[in-house]
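Visitor: I would like to learn how to read a structure like this one. Please take me through it step by step.

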Amino acid sequence: MRACRGVDDIDGIRALSAAVRQADGDAWLPDDVSAPDPHRAVAADAETGEIVGVTSMEWWDEADGTRLYLLSGCVDPRRRRRGVGAAILRWQEEQAVAFDRDQPSTAAARAFGVNVAPQQTANHALVTAAGYRVAFTVLELTCRPQGDAGALPAGLELRAVETTHHRRIHEAVEECFAASRHGYQARTHEQYLQDVRDVDLWQVAWAGDEVAAVVATELEPDGTATTPWVAVRPPWRRRGVGLALMRHTLRALAGRGVPLARLRTIEENPHNSVGLYERAGYTITDRQPRYRKPLPPR
């Protein structure tokens, strides 16, 4: 194992990426390694110098107080079933533990994380043997927009998004997700504003001067739409607000000629978000389990 040498390793990593994609299909793979990354490393053949594996690590603090170290990597298909993947994973964990010991933090918990697609059976066997378990499952759902809209409950009204509304919309979204135990990362108002776009498609229900619920939707370069935020504040849950806003969203997308709408949610969501989206017309198209394992005590 050694640190990635940036541009000097581009050809080797691209050759590895091509071999992995041919064997596994689409997967996390770093094509551009020219940008500095202190947590990117490669496994190289000691004799030839050929790159046979590549790794990286990201880390962040989540809303529930968890500090997560996400470990990513891949191995040349020709070198598999020889213990290379297991050795790389152990090395990654050791590096993450050493890094964590030097970081000031008030995190309530620390965990390793790895992402394994359902079709990656060998990777699944590797991570479960190493003690990782499914913490939650990210679902992708899709829908072909149609033109019917739902009525809002009494006392609510839709308003077009104005610049002065964003602080209240941001506060409503954060309130809804602050208690999530499924990987949510809190955002400051400034971070929220960096992501704001296509507000003419947003559906925001107001109760007087307070935001009751919001469905934020964005257009993608391929002409489809993505809905990153569906938030219904606690006083307005189980009253049909979310379903009404979803239907208003799909009607707006149909009016713009959008052929397909996508969103993601957590299968284990306690508010049954999956049921809400299925009632709106969405169907599950992909499951992406998220595996985790606690870090050893400091």
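**Charges, cover and strand pairing**

Guide: Start with charge. Lys and Arg count as positive, Asp and Glu as negative, while His and the chain ends are not counted. Each charge is placed at NZ of Lys, CZ of Arg, CG of Asp or CD of Glu. The chain here has 37 positive and 40 negative side chains, and the centres of the two sets lie 5 Å apart. This is a predicted model: local features need pLDDT of at least 70, side-chain atom pairs count only at pLDDT 80 or more, and totals for chains, interfaces and linings use all residues. Residues are numbered from 1 along each chain as its sequence is written, and side-chain values use heavy atoms, with hydrogens and water left out.

Visitor: How many helices and strands does the chain have?

Guide: Both are DSSP runs, numbered from the N terminus: helices are H or I of at least four residues, strands are E of at least two. The chain has 7 helices and 12 strands.

Visitor: Is serine 17 buried or exposed?

Guide: Buried means under 20% relative accessible area, exposed over 50%, partly exposed in between (1.4 Å probe, protein chains only). Serine 17 has 1% relative accessibility, so it counts as buried. It sits in helix 1 (residues 10-24).

Visitor: Which strands pair with strand 5?

Guide: Pairing needs at least two DSSP bridges between two strands. Strand 4 (residues 66-75) pairs with strand 5 in the parallel sense, over 5 bridges. Strand 12 (residues 283-294) pairs with strand 5 in the antiparallel sense, over 5 bridges. There, valine 114 has tyrosine 291 as its bridge partner.
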